[in-house]
Amino acid sequence: MPKEVTDVICPFCGTLCDDLIVTVSDDNKTILGVKNACAIGAEKFNHQRQPGRVKRPRMRQADGSYKEITYDEAIDWTANMLVKSRKTLMYGWASTSCQAMSIGHEIAEKVGGIVDNCATVCHGSSLIAIEDVGVPSCTLGEIKNRADRVVFWGCNPAHAHPRHMSRYSIFPRGFFTVKGHKGRKIYCVDCRYTDTAKCADEFIQVQQGFDYELLNAFRTAARGEALPDTVGGVPKEKIYEIVEDLKTARFGIIFFGMGLTHTMGRNHNIDIAINLTRDMNDHTKFAIMAMRGHWNVTGSGQVLGWQYGFPYAVDLSRRDQARHQTGETTSVDLLNRSEVEACFYIATDPGAHFPVDAMISSSRKPTVTIDPHINCTTEISDIHIPVALVGVEVGGCAYRMDNVPIETRKVVDPPEGVLTDEELLTRINHRVDELMAKGGQ
Amino acid sequence: MAEKKITLNMITCRTIQQGVGMEAGKTSQKYFDACTIMHMHPEDMKRLGVWKNTNVKVTSSVGSVIVKAVETREDLVPGLAHIPMGPWANRIVPAYTFSTGEPCFKGFPVDVEIAANERILGAVEVLQDACGLIRK
Ligand code: SF4
């Protein structure tokens, strides 16, 4: 008899929906169906049962083809690479558990690696701004129960976090928000009329790249100062009107995404958005939140934060101290300058998501990629080590976008003989110890 | 008269189809279909003289990529174009970061020209090709 596993946590985006119901075959091997997930979340679970999944490590041959090798051989190759390299980029971590991360960091400390996560090409700008000016934030539960003004600025949850709007930000009825959608006023600021904008009460079309100017104008309007006729393509009357409405909120929230972090101005855009939030707190209660995309990227920031004091791009190559300097220890810059001697990728796909010049540099170095599936990066790596899917085939701790830790669930067994991230990293760690004891370094 | 080459402001973003495709697998047809398109404003398509669903060559300061021009569904303003994130978009994303760690994923100039008879490379192929890993 197939059985239903309830309260399953979705392992795709930073919303970490915790109400999925997954139907599993009675031998615990196959997922038969998923309920409550969005299209992306459902695909994540459905992919588990697809045929053709790689179940053993593969090594690239001189002719470009791949040959199957044993886990022992792959672990030995990886440990040797790590011990030999004076500076290794250890990038990824966003789709694995916090437990696996801490083992990875232990290895990085020993071999002198640079640990970086997906924030580096995502919300890195936000983290710089938060380090500079702090962040008045809250949890998604507070938003559901209290927020009556919601601003989406440069983010498109309709595509990137499909259930965010129905679970937390637009539609749900909460303790003080009993009218649900009707009781909330939704603003969307974007350079495109996105599907999120279509759900908003008011869409403000900003000229691409003029977010800083517009945020600055909001701050100016909040202080009752004069504005030019238009800012970033938005008429001043509109700006005054919106700011006055935001001041009347009982609880307001600004969600922001890649539209701010990737655009000209980067961290300065976030900096001023946080300062606008701070200004609004002179009138009412206001909070701001980054729409963290890649599942447990927030967790990687948390674990690095409490271990080394920095949320991403942590350079441990000096052994006695942790360093972090954006532009210097960030992955894309390291690769652009060809400054690392080897690459170790886990639980992400820089091959698909880094600019090509960085990946050309990466492809010339010894590279190991740890990922459940074949992806772009595995196909330019020397070794690909498949692992169990975290949140599907093995549990572990992950952090939601509002920094709430959630223990994820295992719903099915991994394919026979496939290691989990934790098991694999533990074995690499032991092999590194053995090699170093022999005087490898 | 249609122009042979037009310059547009390029942004790369996530779409839900890209997300679903990614989870279906980087080598899947779903991923290919979701990410090898460039959303354009109808006015820009007219300016270039390109029909819907025709391949175009997009060139930035770092390189070129072949994708399919489609009319935008999420309304863009004229002059703005959008390719979903993935190895095709990243083939033309400039890698400089202004010392922030973040490359220029949004807001860089590109030249667009019609390339109706050129083939769109696969996800792995487009990357391997750039890295010089394809043995010809
Ligand atoms: S919104 Fe995000 S966490 Fe929720 S089901 Fe969709 S992909 Fe999963």
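Which two helices of chain A have axes that come within 9 Å and cross at roughly 20 degrees? Let's find them together. Keep in mind as you click around that this is a predicted model.

**Stop 1: a pair of helices in chain A**

Select residues 211-222 of chain A, which form helix H9, and then residues 267-280, which form helix H12; these are the two helices that answer the question. Angles under 35 degrees count as roughly parallel, and therefore H9(A) and H12(A) are described as roughly parallel to each other. Their crossing is left-handed.

Now show the side chains where they meet. From H9(A), the contact includes A:Tyr212, A:Leu215 and A:Phe218, and H12(A) contributes residues including A:Ile272, A:Ala273 and A:Leu276. The residues of this contact divide into eight nonpolar, four polar and two charged.

**Stop 2: A:Glu202**

Next, pick A:Glu202, in strand E10 (residues 202-205) of chain A. Is A:Glu202 buried or exposed? A:Glu202 has a relative accessible area of 14%, and buried means under 20%, so A:Glu202 is buried. Leaving out residues up to four places away in sequence, A:Glu202 touches A:Lys185, A:Ile186, A:Tyr187, A:Cys188, A:Lys238 and A:Glu241.

**Stop 3: all of chain B**

Follow the chain along its sequence and the pattern reads β-α-α-β-α-β-β-β-α-β-α.

Zoom out, and the C-alpha atoms of chain B fill a box of roughly 40 × 35 × 35 Å along the principal axes. The radius of gyration of chain B is 14 Å, which agrees with the value near 14 Å for a compact globule with 136 residues. Buried residues make up 61% of the chain.

How values were computed. Residues numbered from 1 in each chain as written. Chains lettered and ligands numbered in written order. Predicted model: local features only at pLDDT ≥ 70, side-chain atom pairs only at ≥ 80, totals over all residues. Heavy atoms only, no water. Axes fitted to C-alpha atoms, helices over the stretch in contact; angles between N-to-C directions. Helix = DSSP H or I, 4+ residues; strand = E, 2+ residues; numbered from the N terminus. Parallel < 35°, antiparallel > 145°, perpendicular 65-115°, else oblique. Left-handed = near helix turned anticlockwise from the far one by under 90°. Contact = heavy atoms within 4.5 Å. Nonpolar A, V, L, I, M, F, W, Y, C, P; charged D, E, K, R; others polar. Buried < 20%, exposed > 50% of the residue type's maximum accessible area, 1.4 Å probe, protein only. Rg over C-alpha atoms; globule rule 2.2 N^0.38 Å.
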